[in-house]
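Trainee: Please pick one part and take me through it closely. Then show me what else is worth a look.

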Amino acid sequence: MNQSAAIIEIRKVNYAVGGRSVFTGLDMDIARGRITAIMGPSGTGKTTLLRLITGQVVADSGSIEVAAQSLRAISRADLYVLRRRMGMLFQNGALLTDLSVFENVAFPLREHTDLPERLIRQLVLTKLQAVGLRGAAELMPAELSGGMSRRVALARAIVMDPEILIYDEPFVGLDPISLGVILRLIRRLNDALGITSIVVSHDVKEISTVADNVYLLSGGKVVARGTPQQLQSYPSEIVRQFIGGEADGPVPFHFPAPDYFGELLSRGESP
Amino acid sequence: MKLIRELWSSLIEALVGLGLVVRFLLRLVVSSPRALMRCDLIAQQIYNSGALSLVIIMLSGLFVGMVLGLQGYELLQRFGSEEALGTAATIGLVKELGPVVTALLFAGRAGTALASELGLMRATDQLSAMEMMAVDPIQRVVVPRFLGGVIAMPLLAAIFSVIGIYGAQLVGVQIMGVDSGSFWSQMQASVGLSDISEGIVKSCIFGVACSLIAVYEGYHATPTAEGVGRATTRTVVASAVVILFLDYLITAAFL
């Protein structure tokens, strides 16, 4: 990968929560203008990585640079300026429940710009049209399904035309139609506007159709990187297990526990 | 020895907790000038905390006043001074019952609503989403709710006291037969500005305390259903204790 093309550079990052190490010596480059997928088994810290990239938490050591700005020494004001160039789609949508769909999408515009109401209306309707929910503009978040909430949240994330768009598990709970729409939208935003996209996902098949680069995380480290095609033939057991969805392999399916039959036959009390 | 160690650690824990609340209050105060420019947000919160609490405050004020009328009449007639009922009820309401009962009801109605709303916003990532949109949730969400509570509480206490006085008048004058002229004239002659200002100071301080506890607990709630429930409960319990403790301090200070 061309290093100068990286919009996000992560170098030797260590991060621990409550004494449990999440990342040890993490190195990563997110290419500018490309779609980068971050995959890995549950509990590998994919969402934590997004929190580190967006400055919601600070790494214990190492450096993270976003658009040539180090997050270690950044002031709150500068971080907010940087975040205006980023959009994030949360796993559950995170819509503001006291505002309508229209007002949710208009929220960043109203907070950060003095645009006339007519222009705000046009921008919001354009973004809602892109996610297929222009007709739901007057609904409240409580009236939406999970997938619809996610699509409204996506419209909100792109309303300020960000340079970096971060998707946290965007495909969970979507029906096949919405899933196809979101996949095409991710690709289209990337191609048309040159947005850098970071997609955290478990869905190997779906993400392989849109991602330019893939990072596979496990045990707090990058265990594989490359294009989706390269990962298909990656010479590593852990990659084969993840891509193939096999229960047995280097990543244990079972949480560490005493012997199964021994525990069933013992007279111990329920935990 | 072990008991002393535990007491010491509890004391340290309580002081750390108090320090965190004071630090949070300072953060709210620093953010207040910019938040004050968004009058629409504060007006909405005055409506949520104040207007939506009106019915319970007015009903409670009426009943408390009626009970004061009954009890006051029963006590005062023993000394043949039932005409002083207006004075007794008004001083009781304006200086003590108005601010204290309103604050307790405010904590139960508006305080719990604030804490659970903020806790749920935390649990559903709404506050994180605002952070990600470069919008400070303290300034956009917490300060308007805090200021709304601070402004609404003294107004509610005043309404409570006024309705309470009419409740006492209803029972004392209309039912028990105290002379109406005596009821109002003695009240006007005996109740001074210092009595009213004590009530105003109390209700303002209780407003700050209740609103602060509610937004602090809600904003720092553990983002789970259990965490939000616990924050709501702690809001009511902490508010009640703090209100009664502050009530003693302010009363002593005014003597």
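Mentor: Start with strand β3 of chain A, residues 35-39. Five of its five residues are buried, so this strand is mostly covered. Here a strand is a DSSP run of E, at least two residues long; a helix is a run of H or I, at least four long; both are numbered from the N terminus. Buried means 20 or more other C-beta atoms within 10 Å of a residue's own, exposed means 12 or fewer, and partly exposed is in between, with C-beta atoms placed from the backbone.

A word on the source. This is a predicted model, where local features need pLDDT of at least 70 and side-chain atom pairs count only at pLDDT 80 or more, while totals for chains, interfaces and linings use all residues. Residues are numbered from 1 along each chain as its sequence is written, and chains are lettered from A and ligands numbered from 1 in the order in which they are written.

Back to β3(A). A:I35, A:A37 and A:M39 point one way. A:T36 and A:I38 point the other way, and all are buried. Now its partners. β3(A) pairs with strand β8 of chain A (residues 196-200) in the parallel sense, over four bridges. Pairing requires at least two bridges found by DSSP. In this pair, A:I38 has A:V200 as its bridge partner. β3(A) also pairs with strand β9 of chain A (residues 213-218), again parallel and over four bridges. There, A:T36 stands opposite A:N213.

Next, a residue in a helix. A:Q241 sits in helix α9 of chain A, residues 237-244. A:Q241 counts as partly exposed, because 18 C-beta neighbours lie inside 10 Å. Its C-alpha atom is 22 Å from that of A:L49, 192 residues away along the chain.

Now the meeting of the chains. Here 15 residues of chain A are in contact with 10 residues of chain B. Contact means C-beta atoms, placed from the backbone, within 7 Å. Helices α2 (76-83) and α3 (101-112) of chain A each supply at least two residues of the side of chain A that touches chain B. The largest share, four residues, comes from α3(A).

Last, a helix pair in chain B. The axes of α8 (residues 193-219) and α9 (residues 225-254) come within 9 Å and cross at roughly 155°. Axes are lines fitted to C-alpha atoms, for helices over the stretch in contact, and angles run from 0 to 180 degrees between N-to-C directions. That makes α8(B) roughly antiparallel to α9(B); the label applies to angles over 145 degrees.

How values were computed: Two residues are in contact if their C-beta atoms, placed from the backbone, lie within 7 Å. Angles under 35 degrees count as roughly parallel, over 145 as roughly antiparallel, 65 to 115 as roughly perpendicular and the rest as oblique.
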